Amino acid sequence: MSVLPPLPGCGESATIRIEVYGGGGLDAAAYACAGHAAPIAATIEAAGWSAHPAPRVPESGRPCGHVYRYPTGGLADPPGDTHPRWCDRDGCAARRRHRSARLPLTPRPPAPPPGLLTADDPAADDPPTGAQATQGPAFEALPAEPAADVALAQALVPGAGPVLVVAVGGAEPGELMLTLDQGRVLSYRLRRLLDLAAAAHVRRAGPGGRPRNRRGRP
């Protein structure tokens, strides 16, 4: 069976669909974000396949780095294949489990306002000159959030089923495993907590405002 090497995807929502062709026609479709479309296409080409970005928008919910193998294509899973369809096929034996693409949970940090220097910018150490001297100190960047991601995993033992793995920092000791049922319940609880947080933010009194009682009177 011919396989593709692991693709350099980030797990963010894909915006580009890359069709993968072999000698006999369309074999697979890879998905990429704008920043990883070129590296993913280059990886596919280096493995001996042809990569052609499609003009149409990819299906929603496909993460960057995901590959769909057409059942009749040259990358299709043969009968008796032990990898789940969602497995990334990257070092399963070494880590003793199958694992899907890891989807990041950490949001991308916002860019600093134009014209302001961040604390880690080398130019921030230079003494201010001219108009910069009146702009105050460098913009202090917020501390980075710890990296976190979620993926599907399945142990290499007979009868094992898929579980959800939440990893913080990318280290094995920082992992939390949940059954699929626990994951569904967690998604409901998270929506409830987020709704409560959003409602509290809307109701919060503005600067100088007095808190109100249940009848709406100050």
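Select residues 16-21 and 26-32 to begin: these are strands E1 and E2, which run antiparallel and are joined by six bridges, where strands are DSSP runs of E with at least two residues, numbered from the N terminus, and two strands pair if DSSP finds at least two bridges between them. Within this pairing, Ile18 has Ala30 in E2 as its bridge partner. The model is predicted, so local features need pLDDT of at least 70 and side-chain atom pairs pLDDT 80 or more, whereas totals for chains, interfaces and linings use all residues. Numbering starts from 1 along each chain as its sequence is written, and side-chain values use heavy atoms, without hydrogens or water.

Now widen the selection to the open antiparallel sheet, whose four strands follow the order E3-E1-E2-E4. Strands E3 (50-54) and E4 (67-69) stand at its edges with a single partner strand each, so one side of each lacks a neighbour in the sheet.

Next, show the side chains of Arg17 and Glu19, which form a salt bridge with the closest N and O atoms 2.9 Å apart; the term requires a side-chain nitrogen of Lys or Arg within 4 Å of a carboxyl oxygen of Asp or Glu. Arg17 is buried at 2% relative accessible area, and Glu19 is buried at 17%, where buried means under 20%, exposed over 50% and partly exposed in between, with a 1.4 Å probe and protein chains only.

Finally, select Arg97 and Glu175, whose side chains meet in a salt bridge at 2.9 Å, N to O. This pair links strand E5 (residues 97-99) to strand E9 (residues 175-178), 78 residues apart.
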